[in-house]
Amino acid sequence: MPLKKTTNEAHWVKALKQGEEAAFTHFFDLYHKSLCFFALRLLQNDAEGQEIVSDCFVKLWERRNNFETDTAIKAFLFISCRNACFNWLKRQKNISTKQSEYLLQLEKGEETILFELVETEILDMVNQEIEKLPDKCREVFNLIYLHQHKTSQVAIELGISVQTVRNHKTRAIQLLKTAFLKKGVSAALTLAFLLFIAE
Amino acid sequence: MNTANSFEKEHQIARLIIGHLQETLSPPQEKELQDWLNASQANRNWMEEFCEQQSFHEQLGKYHSANTELIWAKTLAKVNFQKKAPTKVSMPLWRRVSAAAAILITIGVGVYLLNLPFLSKHQTTVSHANDISPGKNVATLQLANGKTIQLSDQKTGIVIDAAKLAYNDGSLIRELNGKALPAIKTVSTPRGGTYQVVLPDGTRVWLNSASSITFSTAPDPSGLRKVSLLGEAYFEVSEDQKHPFVVSSKNQTVQVLGTQFNINSYEDEASVKTTLITGSVKITNLQSGVSNLLKPQQQAKIVGSDLQVKQVETEGITAWKDGYFRFVNEDMKSIMRQIARWYDVEIINETELPNETFNGRISRYKNINQVLKILQAANSVQFKLQERRVIISK
C-alpha cells in the first residue's frame with residue numbers, strides 16, 4: 001500500500017509530535033548553528049550561549065505537542081533563545097559595554113535585535129550551500145576560508161598535494177558560485193561573498 | 001519584554017531582506033522593505049556594513065564555529081526522551097560526525113532522506129550480521145590484443161596518450177613499461193567500481209560502476225574523436241572545434257565540440273539519459289534517425305525510437321562523480337538499482353516497493369547498512385542484508 005505523500009516539513013513536525021527522536025535531531029541540525037550565532041551576538045559569551053541553546057532544544061522537546069508548523073518551531077526556538085539571553089544579561093553584575101547595549105535594546109524591545117536575526121538567517125543560507133559541497137572540497141574550503149590556514153598547510157594536514165588543494169579550492173568556489181547564481185542571490189550579498197573567496 | 005507577536009514581525013523583515021537578495025520579492029514586498037530602509041539611517045548603515053566583505057567573512061566564521069558536538073551533548077544530558085510511547089528506547093551511542101547531518105535541498109514534494117548516524121525507531125531491523133563496504137577505485141584496461149591489466153586501486157584514474165599510459169598522479173603503469181601498444185583500448189569498471197580516464201585529447205571521463213569506455217589512441221581518418229560507452233559516465237570534453245567528439249552508446253550518438261555532460265545508458269534502465277551541464281551537444285536517436293540539440297540543464301531521454309527533452313536539476317545527475325547518491329524526486333526502484341550497482345548486491349523484492357518519491361543526499365562512501373538505515377527511516381518497508389542480497393519486505 002503506497003504511503004501518502006507528505007511535504008517534508010509537515011512530516012517532521014508530525015514526527016516530532018509523535019515523539020520521534022529522529023525528528024528532534026532534524027530540528028536540532030536545522031537550527032542549532034543559527035541559534036548559537038544569535039546567542040553569541042547577544043551575549044558575547046560562548047559558554048553561556050551553548051547552555052542557552054541546549055536549553056531551548058530541551059524546551060522544544062518538552063512542548064513538542066504544541067507545534068503545527070515548522071515556522072512555529074523556529075519562532076519558538078528564537079524567542080526562547082532571545083528571552084534566555086535577556087534574562088542572563090539582566091542577572092549579570094558586571095557586564096561589558098557591548099553587553100549593556102544589547103541589554104538596553106532588549107529592554108526597550110528595540111528593533112536592533114532584528115539585525116542580528118537577519119544576519120543569522122543569511123549566514124544560515126550561505127552555510128547550507130557550504131554543507132552541500134563534496135566532502136574534500138568542503139574540508140579544503142573550511143580550512144582555508146573559515147580557519148584561514150595556508151594552502152601549503154592544508155596540503156600537509158590532509159596529506160594531499162598543494163595542487164590538489166588548489167583544485168579543491170577552485171572547485172568549491174565554482175560550485176558555490178553556481179549555487180548562488182542559480183538561487184539568484186545577487187546584489188550586495190553575492191558580491192561580498194564572492195569577493196572574499198575569489199582571493 | 002517583547003511579546004511573541006512583535007518578534008514575528010522582526011522575522012518578517014528578515015525574510016524580506018533575504019527575499020530581496022534572492023530577487024524573489026513581489027513589488028508590494030519590495031516597497032515594504034524600501035519603507036523599512038527609508039525609516040532610519042541605522043537600518044541603511046547596518047545593511048551596508050553587514051554586506052561589506054571583511055565583516056561578512058568574520059561573521060561566517062563565527063556562524064560556522066558553533067560547537068555542534070558540545071551543544072548536542074549538553075542537550076542530551078538535559079532532555080528526557082523516556083517520556084515517549086512504550087516502544088523500546090535504546091539511545092545508541094551518539095557518535096556525531098559533523099558532516100553526517102546533511103539536510104537537503106527543497107525541491108518538490110517527497111520524503112526527505114536524513115543523514116543521521118542513528119534512527120532509533122527502526123534501528124534493529126537492518127540486519128547487522130554483515131555489512132558491505134562501498135565501491136572503490138577499481139577498473140581494468142583491456143587492449144585490442146586481448147591483454148587485460150588490472151589498474152591499481154591505489155590510484156583514482158589513468159591518463160592515456162598515444163605514447164604512454166600512466167596513472168593520474170604521474171606514475172607509470174608498471175605492466176606496460178616500454179611496450180608498444182595496440183591503439184584500441186577499453187577501460188571497464190565492475191559493479192562496485194569507479195575510475196577516471198583522461199583521453200589523449202585531454203578529455204576527462206568519470207566512469208561510474210559497471211561501465212566501460214572504448215576508444216582509439218590513433219587519430220581517426222574521419223577527423224572525429226570517437227568513443228563508445230556502456231553504462232554511465234560523466235564527460236568533460238576538451239574543446240577542439242575541428243575534431244568533434246562523438247560518444248556512441250545504447251541506441252544513440254552524442255556529438256559535441258567541447259562541453260560537460262553525463263550519459264546514463266545502463267542496460268537495466270528503461271531509457272538512455274543524456275544530461276548537458278555546459279556547452280552544446282547534438283544527440284541522435286539511432287533507431288529513428290531523429291536529432292536534437294541540447295541546451296545546458298536539459299536532459300534527453302531515449303526510449304526506443306522516442307526522444308524527449310526536458311529541463312532538469314543537473315546536480316542530482318552528476319552527484320555520483322563527487323561521491324554522492326543525490327536523489328531528486330527519485331522512486332525506490334531507481335534508488336535500489338543504483339545501490340545494486342555500487343555495492344554489487346542483488347535486490348530481492350518480497351513486497352511491492354512504495355510509489356512515493358525521495359529527495360536527499362547520501363555519501364557513496366558509507367557502508368551499505370548505513371545507507372539502508374537512512375532509506376528505511378523514510379520508508380514503510382524493511383531491508384535485510386543476507387550476504388550480497390538486500391531483501392525488501394513489509
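Within chain A, residues 24 or more positions apart account for 55% of the contacts with a separation of 6 or more, a contact being two residues whose C-beta atoms, placed from the backbone, lie within 7 Å. This is a predicted model, in which local features need pLDDT of at least 70 and side-chain atom pairs count only at pLDDT 80 or more, while totals for chains, interfaces and linings use all residues. Residues are numbered from 1 along each chain as its sequence is written, and chains are lettered from A and ligands numbered from 1 in the order in which they are written.

**The two chains**

Chain A has ten helices and zero strands. Helices (H or I, at least four residues) and strands (E, at least two) are DSSP runs, numbered from the N terminus. Of its 199 residues, 41% count as buried. Here, buried means that 20 or more other C-beta atoms lie within 10 Å of the residue's own, exposed means 12 or fewer, and partly exposed is in between, with C-beta atoms placed from the backbone.

Chain B has eight helices and 23 strands. Of its 394 residues, 33% are buried. Residues 24 or more positions apart make up 52% of the chain B contacts with a separation of 6 or more.

**Helices that meet**

Axes are lines fitted to C-alpha atoms, for helices over the stretch in contact, and angles run from 0 to 180 degrees between N-to-C directions.

| Helix pair | Angle | Axes |
|---|---|---|
| α2(A) (21–43) and α5(B) (68–78) | about 110° | 11 Å apart |
| α2(B) (27–39) and α3(B) (41–50) | roughly 105° | within 5 Å |

The angle makes α2(A) roughly perpendicular to α5(B). Angles of 65 to 115 degrees count as roughly perpendicular, under 35 as roughly parallel, over 145 as roughly antiparallel and the rest as oblique. On the α2(A) side, A:F28, A:H32 and A:C36 meet B:T68, B:I71, B:W72 and B:T75 of α5(B). By class, this contact has four nonpolar, three polar and no charged residues. Ala, Val, Leu, Ile, Met, Phe, Trp, Tyr, Cys and Pro count as nonpolar, Asp, Glu, Lys and Arg as charged, and the others, Gly among them, as polar.

Within chain B, α2(B) and α3(B) are likewise roughly perpendicular to each other. B:W36, B:L37 and B:A39 of α2(B) meet B:N43, B:R44 and B:M47 of α3(B). Four nonpolar, one polar and one charged residues form this contact.

**Strands of chain B**

An open sheet of three strands in chain B has the order β20-β23-β22, with mixed pairing. Two strands pair if DSSP finds at least two bridges between them. The edge strands, each pairing on one side only, are β20 and β22 (382–386) of chain B. On average, neighbouring strands of this sheet are turned by 25° against each other, direction ignored. Five bridges link β22(B) and β23(B) (389–393) in the antiparallel sense, and B:F383 stands opposite B:I392 in β23(B). Helix α8 (368–377) of chain B packs on the sheet, where it touches β22 and β23, and its direction makes about 165° with that of β22(B).

Elsewhere in chain B, β2(B) (140–143) runs antiparallel to β3(B) (148–150) over three bridges, with B:T140 opposite B:Q150. Four bridges join β2(B) to β6(B) (184–189), again antiparallel, and B:Q142 has B:T186 as its bridge partner there.

**Nonpolar cores**

Which residues have the most contacts inside the largest nonpolar core? They are A:F27, A:L35, A:A39, A:V53, A:C81 and A:C85, in a core of 61 residues. α2(A) gives the most to this core, with 13 residues. A nonpolar core is a set of buried Ala, Val, Leu, Ile, Met, Phe, Trp, Tyr and Cys residues joined through C-beta atoms within 7 Å. Not counting residues up to four places away in sequence, A:C85 touches A:A39, A:L42, A:L43 and A:I52. A second, separate core of 35 residues includes B:L165, B:A233, B:Y234 and B:A300.

**Two positive phi values**

B:A210 has a positive phi of about 50° although it is not a glycine. B:A210 lies in the loop between β8 (204–207) and β9 (211–216) of chain B, and counts as buried because it has 23 C-beta neighbours inside 10 Å. B:D344, also not a glycine, has a positive phi near 55°. B:D344 sits in the loop between α7 (332–343) and β20 (346–349) of chain B, and with 18 C-beta neighbours inside 10 Å it counts as partly exposed.
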